[in-house]
Amino acid sequence: APSFVAYSFVGVAGMAKMSSSRGGVPTAADALRILEAPMVRWLYVRRAPKQVFNIDFGPEVVRLYDEWDALGKKAADPAKRDGAVLAFERASATAAAGVLPTSPVSVPFRLLSSVADVTAGSAELISRTVGDVGYAHASVADLEPRLAKAMTWTQDFVPPEDRTTVRSEPDAARLAALSEDEQLWLAQLLDRLPDSFAPDELTTLIYGVPKLGRGLGLDDPPTDEVKADQKDFFRLLYNLLVDADRGPRLPTLFVALGPATVRSLLGG
């Protein structure tokens, strides 16, 4: 006062489940179920009051977390201080509450949500799987509050048709109909599959099997033919493991399922 500041409307996208179950307009509390508190503030402070925008509770959430994490890394460098960093700082703390809570170990949201999807939302199993793919010292407590938000988002906001459903038993019909190339790829994968999974070794192996099929080594650069084979091989693995053409990153999926389940579903 005495100046009048008009605030434009804030819309919501990707909330079909929420609107059908509640029948009402979402509030900040709803956003806080899937977004860390500083992120909700950041959606506002980075825009002018008159700017219309949507809060997307759907797939955009993953990209939003990626953008927020990248901005956090930028804010840690004094040489890169700019308007975006100022918005980050204003969003990260308040005069009354101080620094707002974030996870002590900042695991990418896309990784947490993918693992939550595959492991049916078991916090302990998620923590163990995340530890196996590069965050060895991250306990369940270290992953909060982001872990709970990833679990909530996966359970309540990812449509059932987009979730990952791990097969309960091998697909006998698909295994019986393997082409010559597919038989060779699976045989080479199962022959080299270790008894304990390390993400880097798995990545090299999974990407390398089609190279072996073309007479190359695991570490050789892929040819155009190998790249085409890799797409077909990855689709085969997803078909046999999760009854879909795509899914979480294959090394992460392998780690989450464990050697015994992977071997069983691949007919090993």
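1. Let's start with E60: its relative accessible area is 30%, so E60 counts as partly exposed (buried is under 20%, exposed over 50%, partly exposed in between, with a 1.4 Å probe and protein chains only). Keep in mind that this is a predicted model, where local features need pLDDT of at least 70, side-chain atom pairs count only at pLDDT 80 or more, and totals for chains, interfaces and linings use all residues. Residues are numbered from 1 along each chain as its sequence is written, and side-chain values use heavy atoms, with hydrogens and water left out.

2. What does E60 pair with? E60 forms a salt bridge with R63, and their closest N and O atoms are 2.3 Å apart (a salt bridge is a side-chain nitrogen of Lys or Arg within 4 Å of a carboxyl oxygen of Asp or Glu). Both sit in helix α4, three residues apart, or about one turn of the helix. Helices here are DSSP runs of H or I with at least four residues, strands are runs of E with at least two, and both are numbered from the N terminus.

3. R63 also bridges to E67, with the closest N and O atoms 2.6 Å apart. E67 in turn meets R46, at 3.1 Å between the closest N and O atoms. This last pair links distant parts of the chain, since R46 is in the loop between α3 and β2 while E67 is in α4, 21 residues apart. Put together, R46, E60, R63 and E67 make a network of salt bridges, and the structure holds 14 salt bridges.

4. R46 has another contact to look at: R46 lies over the face of W42, 4.1 Å from the ring centre. The rule is that CZ of Arg or NZ of Lys is within 6 Å of the ring centre and within 35 degrees of the ring normal.

5. Now the rings. Nine aromatic pairs turn up in the whole structure (rings of Phe, Tyr and Trp, the last by its six-membered ring, with centres within 6.5 Å; planes under 30 degrees apart are stacked, over 60 edge-to-face, the rest tilted). Y207 and F234 have centres 4.9 Å apart and planes at 70°, so this pair is edge-to-face. Y207 is in α12 and F234 in α13, so the pair ties together parts 27 residues apart in sequence.

6. F233 and F234 are a tilted pair, because their planes are at 45°, with centres 6.4 Å apart. F233 is buried at 0% relative accessibility, and F234 is buried at 16%. W185, Y207, F233 and F234 form one aromatic cluster.
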